[in-house]
Amino acid sequence: MRPGAIASLGALLDVLCPMHLIVDAMGRITHAGPTARKVLNTKGLIGCDFLDLFEVRRPRLEPGVPGLRAAAGRRLHCVLRGPVETELKGVAVPLPEDRALGPPGGVIVDLSFGIGVMDAVGRHDLRSADFAVTDLAVEMLYLVEAKAVVTDAWQKLNQRLQGAKAVAEQEAHTDTLTGLGNRRALEPAIRRLTESEEAFTLMHLDLDFFKSVNDTLGHAAGDHVLRRVAQILREEIRKGDTVIRVGGDEFVLILVGCTSEEELSRISGRLIERLEEPVAFNGEVARISGSIGTTRSGTYATPRLAVMMDDADLALYAAKQAGRGCHKAFAPALRKAVESRPGDAVTPV
Amino acid sequence: MHGLINRAIELFLRDTYGHEAWEEIARGADLAPPEFEAMLDYPDALTGDVLVQAAQLLDKAEAEILEDIGTYLVSHPTSAALRRLLRFSGADFTDFLHSLDDLPARARLAAPQLDLPPVALVDRGQQVFSVTVGKRGTAGFAFGHVLLGLLRAMADDYGALVLLEHKGCRDGVETIDVQLLEAAFAIGRSFVLGAAG
């Protein structure tokens, strides 16, 4: 062996691949690059057995240094043994036979953190000088940070857009006069219930004598009455129920849960009673009432919005015919009654 | 112009001169609502308008405002992320100067639509350098002034003592002279690789 041969090889490798180890034929570490020393941080590293410190998981090797030599040039998946297992990529190269770089039979093992570099930098307090000048590790760390910054910016933008979208949707589904849901809110509300197969009642309410309030007291009074009606409906429904203003003086209430005919009659009666409370406006008194038609989802094999709206309409029509200010529940007989008496319309009031 | 640049201008004006000043500038530039989104694109002329309005309201030269923006980008806590990304470029200020050529490519790596003008370093020897900033399409402002402010703050960050001078603009190419008096004049601000997230 030429004196200093290993030292000069080491000095060269320290710059080119600072995380390398030189292992002799017996498996003992005879030299370690500066970054390898920093990472291994083991007293008496020189002389340690390489395979005591590292486990080569893949490929499966013959035991000892001959195994490493046989895997020359192949990608090694190693694990640094210890409380926290650090995964490393590596490659082994046998020392040349001409003894120029030291006694033959040993290997040089070069290591890298691979994708785990982000954690390793923190764990071992690595600096850019700890990586080879040509190593892309620092560029990779840069990319990780740049990605974090940009992803954060996108996420914030998306959150703001999401918030704006929710507000816009809410506004699109809201009646500006009463603050109730509008016709656009009807379908999604019904769809939610039919999809979850929850029982519900569709209640179609049409105000009576509202037209005359508008005609005699003016539209401002009419608007005031509508707002008052909205307030009453909101007060009377239960949590989870929905009130929608589907037209000028028409409302749809969706009452969730299984409600009996008797209970529906009671609820409707109370609603009408409250709607009939006189409403004061600019020294005048407005009086209205309401007609109600209802139909229950439980009476259909597959509840469909269009069919249920039709049926609630028929029940409402029957309530109007019965003298207004009352409630009728849908029954199949109503349909037959209408079909046999076409053209018998109820004049709007 | 990329929203990141516009947003940087906005944050600088907000943080330095207050929200009211910013809102007046935004009004003058017809920016409604008065806010830039970092991840959206805006017409180049809008950036120019914002700078003109700012110069008018603050009674400062546009070049001075641009230089302050460059300094702000590195030194203000709001943009700590950018300072970290810049520090990745080199272990010391000389290293950093030599990496300036990579600056536009690095910016593109972070945000592919972020298009910065080409930057080149000429080493004149004796610790004297020239940095040239080329034309970037229809850029509405002189990026060289921003770079000057940024270099000044980065020198501070590295603890280097430098003399910087904007030598003006010829054929659309700006030149900055950099004289490195002492590479390690003071202790720089600390920087740790992989500190994010």
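What share of the contacts in chain A with a separation of 6 or more comes from residues 24 or more positions apart? Such residues account for 56% of those contacts, a contact being heavy atoms within 4.5 Å.

This is a predicted model, in which local features need pLDDT of at least 70 and side-chain atom pairs count only at pLDDT 80 or more, while totals for chains, interfaces and linings use all residues. Residues are numbered from 1 along each chain as its sequence is written, chains are lettered from A and ligands numbered from 1 in the order in which they are written, and side-chain values use heavy atoms, with hydrogens and water left out.

Chain A holds 12 helices and 13 strands; these are DSSP runs numbered from the N terminus, helices being H or I of at least four residues and strands E of at least two. Of its 349 residues, 42% count as buried. Buried means under 20% relative accessible area, exposed over 50% and partly exposed in between, with a 1.4 Å probe and protein chains only.

Strand β7 of chain A (residues 200–208) has nine of its nine residues buried. In a regular strand the side chains alternate between the two faces of the sheet. On one side of β7(A) lie A:F200, A:L202, A:H204, A:D206 and A:D208, on the other A:T201, A:M203, A:L205 and A:L207. β7(A) pairs in the antiparallel sense with β9(A) (residues 250–256) over seven bridges and with β12(A) over eight bridges; pairing requires that DSSP finds at least two bridges between two strands. A:T201 stands opposite A:L255 in β9(A), and A:D206 has A:S291 of β12(A) as its bridge partner.

A:S291, in β12(A) (residues 289–296), has a relative accessible area of 0%. Its side chain makes a polar contact of 2.8 Å with that of A:D208 and reaches the backbone nitrogen of A:G325 at 3.3 Å. A polar contact is a pair of N or O atoms within 3.5 Å; within protein, one must be able to donate a hydrogen and the other to accept it, and residues adjacent in sequence count only if both atoms are side-chain atoms.

A search of the whole structure finds 34 salt bridges over all chains, each a side-chain nitrogen of Lys or Arg within 4 Å of a carboxyl oxygen of Asp or Glu. Several are listed here.

| Salt bridge | N to O distance |
|---|---|
| A:K320 and A:D206 | 2.6 Å |
| A:E277 and A:R228 | 3.5 Å |
| A:R238 and A:D241 | 3.2 Å |

A:K320 lies in helix α11 (residues 305–321) of chain A and A:D206 in strand β7 of chain A, so their pair ties together parts 114 residues apart in sequence. A:K320 is buried at 12% relative accessible area, and A:D206 is buried at 13%. By contrast, A:E277 is partly exposed at 33%, and A:R228 is partly exposed at 22%.

Chain A and chain B bury about 1,800 Å² between them, 70% of it on carbon and sulfur atoms; buried area is the accessible area (1.4 Å probe) that two parts lose on being put together, summed over both. A:Y142, A:E145 and A:L157 lose the most area on the side of chain A, together 35% of what that side buries. The contact takes 19 residues from chain A and 17 residues from chain B. Between the chains there are three salt bridges, including one from A:E145 to B:R84 with the closest N and O atoms 2.4 Å apart.
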